[in-house]
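Welcome! Here is a short briefing for someone meeting this structure for the first time. Take a look at the sequence and the model, then read on.

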Amino acid sequence: MSNKIKLTEGFMCFEMNQIGVIRTPYTKNTPNQPVEEDEGDFRIVVEPQYTDGLYKLASFRYMYVIYYIHQVKQEQSMIVSPPWAGGAKVGVFASRSPVRPNHIGISIVRIKSIINNEILTSGLDAFDGTPVLDIKPYIKDLDVKSDANNGWIEEMDGHEHLS
Ligand SMILES: C[S@@+](CC[C@H](N)C(=O)[O-])C[C@H]1O[C@@H](n2cnc3c(N)ncnc32)[C@H](O)[C@@H]1O
């Protein structure tokens with residue numbers, strides 16, 4: 001099986017290496033975003049040739065998982081309406097919709113343990129078998145923005161979808 005992904009949308013074409021695969025209990029429905037307390041087996045299985053790249057990753061509590069949302073079938077649109085947003089319409093780049101020009105997903109998850117080429121994580125919002133493009137540490141002093149807000153979501157009634 002080839003581990004190359006060819007991205008052909010847009011005016012440039014990129015070829016990327018799949019560095020691993022996401023393993024989750026989900027084949028259809030997942031939460032809209034990662035749920036830290038989600039029960040089940042969540043892990044990233046890294047291709048063996050990248051195992052050395054995990055050195056010191058376990059010193060962090062959280063990491064970004066960047067992946068290719070490979071089973072998107074819906075038509076692309078610049079305006080989207082997230083399923084939890086009560087019909088609100090926003091631009092795709094103001095959303096976390098999986099249906100976007102490049103089907104890139106990003107999730108922040110807790111690193112539970114790393115054993116050889118497998119990273120056990122907290123809950124992930126991706127289907128089992130989703131290809132992983134990259135992993136990066138979530139670094140407190142770089143990544144936490146103390147004045148961050150919730151954008152247009154703050155105009156909605158209730159914030160259940162953020163919990
Ligand atoms: C709203 S997206 C958010 C993804 C990521 N956390 C982000 O913000 O970029 C999560 C949804 O994408 C869908 N999804 C997850 N993995 C997928 C895959 N491999 N192919 C197609 N859809 C997928 C599921 O319906 C899931 O609820």
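Leaving out residues up to four places away in sequence, His70 touches His103, Thr130 and Pro131; two residues touch, or are in contact, if their C-beta atoms, placed from the backbone, lie within 7 Å. This is a predicted model, in which local features need pLDDT of at least 70 and side-chain atom pairs count only at pLDDT 80 or more, while totals for chains, interfaces and linings use all residues. Residues are numbered from 1 along each chain as its sequence is written.

**His70 and its setting**
- His70 sits in the loop between S5 and strand S6 (79-80); strands (E, at least two residues) and helices (H or I, at least four) are DSSP runs numbered from the N terminus.
- His70 counts as partly exposed because it has 15 C-beta neighbours inside 10 Å; a residue is buried with 20 or more other C-beta atoms within 10 Å of its own, exposed with 12 or fewer, and partly exposed in between, with C-beta atoms placed from the backbone.
- Between the C-alpha atoms of His70 and Asn29, which are 41 residues apart along the chain, the separation is 14 Å.

**The ligand's surroundings**
- Around the ligand there are 17 residues, of which Gln71, Arg96, Pro98, Gly105 and Thr130 come nearest; a residue is near a molecule if its C-beta atom, placed from the backbone, lies within 6 Å of it.
- This shell divides into 6 nonpolar, 9 polar and 2 charged residues, where Ala, Val, Leu, Ile, Met, Phe, Trp, Tyr, Cys and Pro count as nonpolar, Asp, Glu, Lys and Arg as charged, and the others, Gly among them, as polar.

**The overall fold**
- The protein chain has 1 helix and 10 strands, and from the N terminus its elements run β-β-β-β-β-β-β-β-β-β-α.
- With a radius of gyration of 17 Å, close to the 15 Å that the globule rule gives for 163 residues, the protein chain is as compact as a globular protein of that length; the radius is taken over C-alpha atoms, and the rule is 2.2 Å times the number of residues to the power 0.38.
- Along its principal axes, the C-alpha trace spans about 45 × 35 × 30 Å.
- Buried residues account for 18% of the 163 residues.
- Of the contacts between residues at least 6 apart in sequence, 72% join residues at least 24 apart.

**The nonpolar core**
- The largest nonpolar core has 15 residues, and Ile22, Ile44, Val65, Tyr67, Leu124 and Val132 touch the most other members; such a core is a set of buried Ala, Val, Leu, Ile, Met, Phe, Trp, Tyr and Cys residues joined through C-beta atoms within 7 Å.
- At least two residues of this core come from each of strand S4 (43-46), strand S5 (62-68), strand S8 (104-115) and strand S10 (131-137), with S5 giving the most, 4 residues.
- Setting aside neighbours within four places in sequence, Tyr67 is in contact with Ile22, Gly105, Ala126, Thr130, Pro131, Val132 and Leu133.

**Thr121, a buried strand residue**
- Thr121 belongs to strand S9 and is buried because 27 other C-beta atoms lie within 10 Å.
- Beyond residues up to four places away in sequence, Thr121 touches Phe42, Arg43, Ile44, Val109, Arg110, Ile111 and Lys112.

**Two loop residues with positive phi**
- Lys56 lies in the loop between S4 and S5 and has a positive phi of about 75° although it is not a glycine.
- Asn116, in the loop between S8 and strand S9 (118-121), has a positive phi near 55° and is likewise a residue other than glycine.
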